[in-house]
Amino acid sequence: MEDSPLRITPPTKLRSNNGLARPDAEVSASMSTVTATALQSANPPTIPLPFNSNQPNTIRLYPLSNYTFGVKETQPEEDPSVIARLKRLEEHYSAHGMRRTCEGILVCHEHNHPHILMLQIANAFFKLPGDYLRPEDDEVDGFKTRLDERLAPVGRLGEGEEAGNWQVGDCLAQWWRPNFETFMYPFIPAHVTRPKECKKLYFIQLPESKILSVPKNMKLLAVPLFELYDNTARYGPQLSAIPHLLSRYNFEFVNEAGEVVAATPGVGPEGYVPKTKVLSGGDEDMKDVRTENGTS
């Protein structure tokens with residue numbers, strides 16, 4: 001199949017701020033992000049000037065197939081109801097002050113599209129790996145312990161795995177609970193002087209390969225950014241905001257052979273539609289869940 005010709009806009013007369021004419025320039029309407037090693041077109045794209053000033057380091061994402069997933073013993077919820085959970089929060093606040101919670105945004109890719117690893121509980125509630133810190137815990141070390149509790153492998157799968165082996169990156173968001181209620185906000189309301197909980201979302205840089213295990217009563221899902229974006233009805237305000245949080249990064253997409261085959265913004269294979277994949281803890285089809293998530 002022959003490539004269709006690139007569409008080029010007519011030459012445009014460009015002027016500087018002082019009104020003096022500059023040389024004519026041809027501006028390409030097409031820009032490819034496929035790397036040179038993966039380029040298959042006979043018509044290379046016209047490359048504009050660099051457009052990546054003042055951005056954080058590029059993040060390298062590895063394919064979902066590089067990771068091994070297993071299951072481990074059930075981890076029952078601490079509270080039988082929302083009321084009980086808020087009551088326990090009130091007791092924690094009275095004894096230790098504001099609760100500190102950390103959750104991780106773990107990113108891999110499938111067909112050059114970023115996917116977020118998250119948990120689904122009781123076929124309804126979605127959440128990121130992590131939990132509240134114990135009062136005596138250091139923030140980062142305590143967070144790594146919580147990640148181990150949720151996702152570290154056990155038994156034969158866990159042989160040779162180092163405890164706390166997580167690369168905790170940037171803090172991407174802070175959500176605040178102003179009162180003993182379910183609602184959290186990405187800001188502290190003006191009338192609130194003593195918030196009851198702060199939840200931080202951290203970027204977790206996944207290595208080239210890793211073994212993860214999920215409790216039997218949970219599912220581990222790989223959810224594409226496409227699915228999360230503007231989908232508060234299904235995932236709630238915290239999780240649906242993740243595409244916004246990650247938009248500050250440029251990504252490199254690596255294949256199973258360790259070759260960079262695409263870079264931001266990247267495109268998937270023709271005809272590929274991103275969708276949520278169940279990685280561990282169940283193989284049922286994903287159902288349309290209308291309960292509000294990400295608020296507790």
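How many residues lie between β11 and β12 in their hairpin, and which residue in the turn has a positive phi? In this predicted model, the hairpin of β11 and β12 has 5 residues between its strands, and G258 is the turn residue with the positive phi, at about 85 degrees. The two strands, β11 covering residues 251–254 and β12 covering residues 260–263, run antiparallel and pair over 3 bridges. One of the bridges joins V254 to its partner V260 in β12.

Put together, the 3 strands make an open sheet with mixed pairing, in the order β1-β11-β12. β1 and β12 take the edges with a single partner strand each, so one side of each has no neighbour in the sheet. On average, neighbouring strands here are turned by 30 degrees against each other, if direction is ignored.

Now to helix α1, which takes in residues 82–96. With 15 residues at 1.5 Å a residue, α1 should span 21 Å, and its end C-alpha atoms do lie 21 Å apart, so expectation and model agree. Within the helix, L86, L89 and H92 are buried. Looking down the axis of α1, the buried residues fall within an arc of 115 degrees, so they line one face of the helix. The spacing rule behind such a face is simple: an α-helix has 3.6 residues a turn, so residues three or four places apart point the same way. The other side of α1 carries the exposed residues I83, S94 and A95.

And what covers the buried residues of α1? Just past the end of α1 comes G97, with a positive phi of about 85 degrees.

Stepping back to the whole protein chain, there are 5 helices and 13 strands. Of its 296 residues, 40% are buried. Among contacts with a separation of 6 or more, 72% are between residues 24 or more positions apart. As for the surface, the chain exposes about 17000 Å², with 51% of that supplied by carbon and sulfur atoms.

Definitions and conventions
Residues numbered from 1 in each chain as written. Predicted model: local features only at pLDDT ≥ 70, side-chain atom pairs only at ≥ 80, totals over all residues. Heavy atoms only, no water. Pairing = 2+ DSSP bridges. Helix = DSSP H or I, 4+ residues; strand = E, 2+ residues; numbered from the N terminus. Expected span 1.5 Å × (residues − 1). Buried < 20%, exposed > 50% of the residue type's maximum accessible area, 1.4 Å probe, protein only. Arc of directions from axis to C-beta. Contact = heavy atoms within 4.5 Å. Areas by Shrake-Rupley, 256 points an atom, 1.4 Å probe, with all protein chains shown as cover. Axes fitted to C-alpha atoms, helices over the stretch in contact; angles between N-to-C directions.
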